[in-house]
Amino acid sequence: MPTDGGSERILQLEAEVRQLKDAVVSHAVVDQAIGMIVALGRVSPDQGWTVLKEVSQHTNIKARNVADMILVWGRTGVMPPEIRAALEDALDRLGPTQVPGAPPAP
């Protein structure tokens, strides 16, 4: 094993590669969730990003995790009530729709 710090540098580079791979996956999940918000809410991609951030902030859940929940909802129809409520609130401010499957407004 080299004693010139080469192995330490290799470990640093391997950690950086793992972080970059995680970032690419996370970015893809967020982009897909924004796409669902855009289609659902008939909003622009910038507004979709704003909706995702608002839901994240109002629920105190990381945007990546909110995006995951939105994608799961797209596949299963299941969404935690607090996410659904925050999503509806954000879309009410930016778009003319209601989240499908939500109980009718009183």
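1. Helices (H or I, at least four residues) and strands (E, at least two) are DSSP runs, numbered from the N terminus. R93 lies in one such run, helix α4, which covers residues 81–94.

2. A note on the basis. This is a predicted model, in which local features need pLDDT of at least 70, side-chain atom pairs count only at pLDDT 80 or more, and totals for chains, interfaces and linings use all residues. Residues are numbered from 1 along each chain as its sequence is written, and side-chain values use heavy atoms, with hydrogens and water left out.

3. Helix α1 runs over residues 6–41 and has 36 residues. The expected span of a helix is 1.5 Å times one less than its number of residues. For α1 that gives 52 Å, and the end C-alpha atoms are 52 Å apart, so the two agree. Just after α1, R42 takes a positive phi of about 50°.

4. Which residues of α1 are buried? Buried means under 20% relative accessible area, exposed over 50%, and partly exposed in between, with a 1.4 Å probe and protein chains only. In α1, V29, V30, A33, I34, I37, L40 and G41 are buried. An α-helix has 3.6 residues a turn, so residues three or four places apart point the same way. The buried residues of α1 pack against α2 (45–59), α3 (63–76) and α4.

5. Helix α4 passes the same kind of span check. Its 14 residues should span 20 Å at 1.5 Å a residue, and its end C-alpha atoms are 20 Å apart, which agrees. Buried in α4 are I83, R84, A86, L87, E88, A90 and L91. Their cover includes α1, α2 and α3.

6. What does R93 touch away from its sequence neighbours? Contact means heavy atoms within 4.5 Å. Leaving aside neighbours within four places in sequence, R93 is in contact with E54 and H58. R93 and V51 are 42 residues apart along the chain, and their C-alpha atoms are separated by 9.1 Å.

7. E54 belongs to helix α2. E54 counts as buried because its relative accessibility is 18%. With neighbours within four places in sequence set aside, E54 is in contact with A90 and R93. A90 is itself among the buried residues of α4.

8. M69 sits in helix α3. Not counting residues up to four places away in sequence, M69 touches I61, V78, P80 and I83. I83 is one of the buried residues of α4. M69 and R84 are 15 residues apart in sequence and 9.9 Å apart in space, C-alpha to C-alpha.
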